[in-house]
Structure formats: C-alpha cells, structure tokens
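Subject: A structure to look through

Dear colleague,

I am handing over a structure that I would like you to look through with some care. Please open it first, and then read the notes below beside it.

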Amino acid sequence: MFRRQQQSNNESSGEDDESSSSTNFSPLSPPISPPKSSNNMLVKIGRFLNVSAIGVLSIVSVLLFIQLQAVSLQVASEQKQIDELKKTIEQSTSDIQVEVQEQKDLTVVNIAGTFTLLSCIVTMFHMSSHLKKMNQPFVQRKIMAILWMSPVYAITSFFSLLLPSAEGYLGIVKDFYESYVIYQFLSFFIAVLGRGERQIVVDKLAAHADHLKHPYKWLRCLFHPPPEESDEAKANAVLLECQFLAMQFVFFRPLTAIVSFVLESMRDGDAGGFSSPDIIIIMIENVSVFLAFSGLLKFYHAVQDDLAWCQPFAKFLTVKGVVFMTFWQGLIISIIFHANTDDDKSDDDESNSGSSYSAESIQHILICMEMLFFSAAHMCVFPAEEWEEGYQVKHGGGPTFAFDDFASDVNMIIDSGKRSRIARKERKNALDDAKQSPSFGTMDERNEKDGEISLVDSEVV
C-alpha cells in the first residue's frame, strides 16, 4: 500500500513536472494571473487610504470653518466697538461745536449789549444837559424826542438779537418811532422859527409867498381860508400841507409794518413774489415816505435862510442818516448774504446752520454798534447851549482835523515864495539897468537909483 501510494505520488509529480515544463516552454500559453487574495488586500488598502484622506480633509474643513466663524465674530465685535467709538467722537465733536458757537453768540451779544449800553448812557447824559438848561421848552421838548431815536434803535436791535421770536414786534416799535421822529423834526423847525407861536411861522412864510409852491389840490378840503385869497392864506395852507404830509407817515408806517408782520407769520416759509401783497405794501410805504419828505423839504427850502443859524442840514443828516444808513446797509447785507447761499441746500446744512448768522442778525449787531456814534453826533449838533439867551454861533468849534488851517498855511508859504521870486527878479533888473547906465551923472540920479534898489530890498524883506 505504501509503495503503491508512493508510486502514485511520483507519477503525479512527474505529470506535474511535465505539465509545468510544457507550460514554461510553450509560447502560446496565457500568462499566469496573481492570486485573488492579494488583489482584495490592495483594494481594501486603497479604500482605507481614501476614507482616511476624506476624513482628514473633513476634519480640517470643520476646523477652518470654526476658526473662520470665530474670526468673523471677533471682527463684528470690533466693528461694533469702532462704530460706538465713532458715534461717541461725533457726539463729542457736535457738543464741542455747540459750546463754541454758544461762546461766540455770547461774545457777540456782550459786544452788542456794551455798545447799546454806551449809546444809552451818552444819550441820557445829553438829555440831562437839556433838562438842566431848559431855556426854551417848546423847542427842547422836540429835541429830546429826537434824541430818543438812537436808544430806541439800539435797544430794539439788541433784544431782536437776544430774542429772535420777538423780532417782529420790536420791528413794529422801531418803525413807529422812526416815523414819529420825522414829524417831530418838522415840528422842531416850526418851533425854532416861531418860538412856539404858529402865527409867527405863517408870517415868515408869507414874506416868501412869491417863492412858495401852491399846495396840492387834493388837500384843498383842509385849507381855510383858500390859499388864493392872500399871501397869509397861502402861507397857512403850505404850512398845513407840510404838517399833513409828515403826519400821514406816522400812521401809515406802523400800519404797513403790522400788515407785513401778519403776512410773514402766515406765509409758512414761502417767499412772496410779484403777485404777493408785499409788493402793494412796499409801494404804499414808498409813496408815504415820498410824501413825508416832500413836505419836510418844501418847508426847509422856504425858510432855510431863517434857520441857517442853527445848522439845520447837519441836524437833518444825523436824524435821517440813521434811517437811510440802516435801510441801505440792511439791503446790501441781504444781497451779499443771499448771493453766497445756494438755492439747493445740501444734507449737512442742518449741522452747519448753527454756526452761521443770518442777515438780520448781522444787521442788528451793526445797528447796536452804530447807534453809539449817532448818539455822539446828536450831542454835537443838538447842544443844550444853543438855546441859551445871547447864544453866539460857533463856527469850527466842533471836532475837526484842521485841514483848512493846514491848507491856508500851505498857501501862505507858496505866496511868500512867489513874492520872493518876483522881488529878486525886479532887483536883478534894477542892477542890470544901473550897470548899463553911464558912470557919470548927477548926484540926484544916483541917489534915485540907490533909492529904487533899497525899495526893492525892503519889499524882499
């Protein structure tokens, strides 16, 4: 059994060797494939590596996402802190700007108040001098009414600057006193001319009846007797006409100011055009002003020679200069102010609105400052000594730069130089004539020549 089994094994091994040899040496046999277990192992290793790579990449992505979210939260937190800090800085800046503007406004108010106070002090001192020397009450009462003009302008402008909401009401007060002063100025001329007696004024106007213009026909209902009857009736009519023309301004000016204030409060920010009632109000004001000044100038031209001693023109300039200068000054400031303002406002106008002054505020500041100088001018042209008995007109007694004296001195020096040149020329001609004459001659001729030369020398000296 053992032998048979060994032989069978040998035979099988021999067959295997033959088959193997035959396979190794046969060119047409197919290649031997690797075993299946090794292929499975490689596939499993590849899959494991792929899964591991995907897992690592997922973990890295998750870590990066978490880190990115943390950075985003930190940036958002820092941005919020930056925004809060920015708001704090802006609020602090706006608060500082408001405080600076308040300080500027306070400084401006203090300056305007100082000038207003000084103007009132100067006027009160001037009025006290008239009260101490009330020699002609019928004249000096008119002067004191005129002197109130500077304090009224200064005080109303100061309170308009201090209380803008009351500007309209204070403007009405100022316009009323302006018209009242115009009539008081005419009454001042009448009081000076008639010394409190109206008939004396009529008589002086009747003396110039040939130069008086006939009164307006639409005022004939006021004249009695008619101006055609006599020179005295004509003079009385002219005086009444001048008073009426000046007095109508006292009533129309406050009335137009009140109407303008009411329309301005009802306008709701819309500017008035050519069709607005403002044009009618302005026309009425201009006509009223024209009539008032035509009456004042008509009376002045009729009696200017009789009033020359009290310098009426200088008084007129100091009174009406306040009105005209403030009016044209306000107009120019308004034109300049609106020329520099754009029609379309930008978004930052609200932040800059508190740092700029309006045209009205600038006008009020300038009026407060200017009224001090007008108060001083009133003191010079309305002196209390002017109404004392035996007053002598003082020419050149006011403040001056003495330019006339300087010019007269210059003319004196120039004339002296001209006379010196003429005298030297005449002396030279006399010497030339003496040389050309013969040496001999009578003693009388020589003495005559010497006398001419000495005369020329004395003229030079």
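Predicted model: local features only at pLDDT ≥ 70, side-chain atom pairs only at ≥ 80, totals over all residues.

Residues are numbered from 1 along each chain as its sequence is written, and side-chain values use heavy atoms, with hydrogens and water left out.

**The whole chain**

The protein chain holds 13 helices and 0 strands, where helices (H or I, at least four residues) and strands (E, at least two) are DSSP runs, numbered from the N terminus. Of its 461 residues, 30% count as buried; buried means under 20% relative accessible area, exposed over 50%, and partly exposed in between (1.4 Å probe, protein chains only). If one takes the contacts (heavy atoms within 4.5 Å) between residues at least 6 apart in sequence, 79% of them join residues at least 24 apart.

**Helix α5**

Helix α5 covers residues 167–194, and because 21 of its 28 residues are buried, it is largely enclosed by the rest of the structure. Its end C-alpha atoms are 40 Å apart, which agrees with the 40 Å that its 28 residues should span at 1.5 Å a residue; the expected span is 1.5 Å times one less than the number of residues.

**Salt bridges**

A search of the whole structure finds 7 salt bridges, each being a side-chain nitrogen of Lys or Arg within 4 Å of a carboxyl oxygen of Asp or Glu. One of them joins the side chains of R253 and D175 (3.3 Å, N to O), and this pair links helix α7 to helix α5 across 78 residues of the chain. R253 counts as buried at 15% relative accessibility, and D175 likewise counts as buried at 14%.

Another salt bridge is formed by the side chains of K298 and E241 (2.7 Å, N to O). K298 lies in helix α8 (residues 277–303) and E241 in helix α7, so the pair ties together parts that are 57 residues apart in sequence. E241 is buried, with a relative accessible area of 0%, and, not counting residues up to four places away in sequence, E241 touches P215, Y216, L219, F223 and K298.

E386 and K315 also form a salt bridge, with their closest N and O atoms 3.3 Å apart. E386 sits in the loop between α11 (359–381) and α12 (403–436), whereas K315 is in helix α9 (residues 312–339), and both residues are buried.

**Two serines**

S160, in helix α4 (residues 149–162), counts as buried at 5% relative accessibility, and a polar atom of its side chain lies 2.7 Å from the backbone oxygen of T156. Leaving aside neighbours within four places in sequence, S160 is in contact with E167, L170 and H364. S128, in helix α2 (residues 36–132), is partly exposed, with a relative accessible area of 24%, and its side chain reaches the backbone oxygen of F125 at 2.5 Å.

With best wishes

Technical notes:
Polar contact = N/O pair within 3.5 Å; in protein donor to acceptor, adjacent residues only side chain to side chain.
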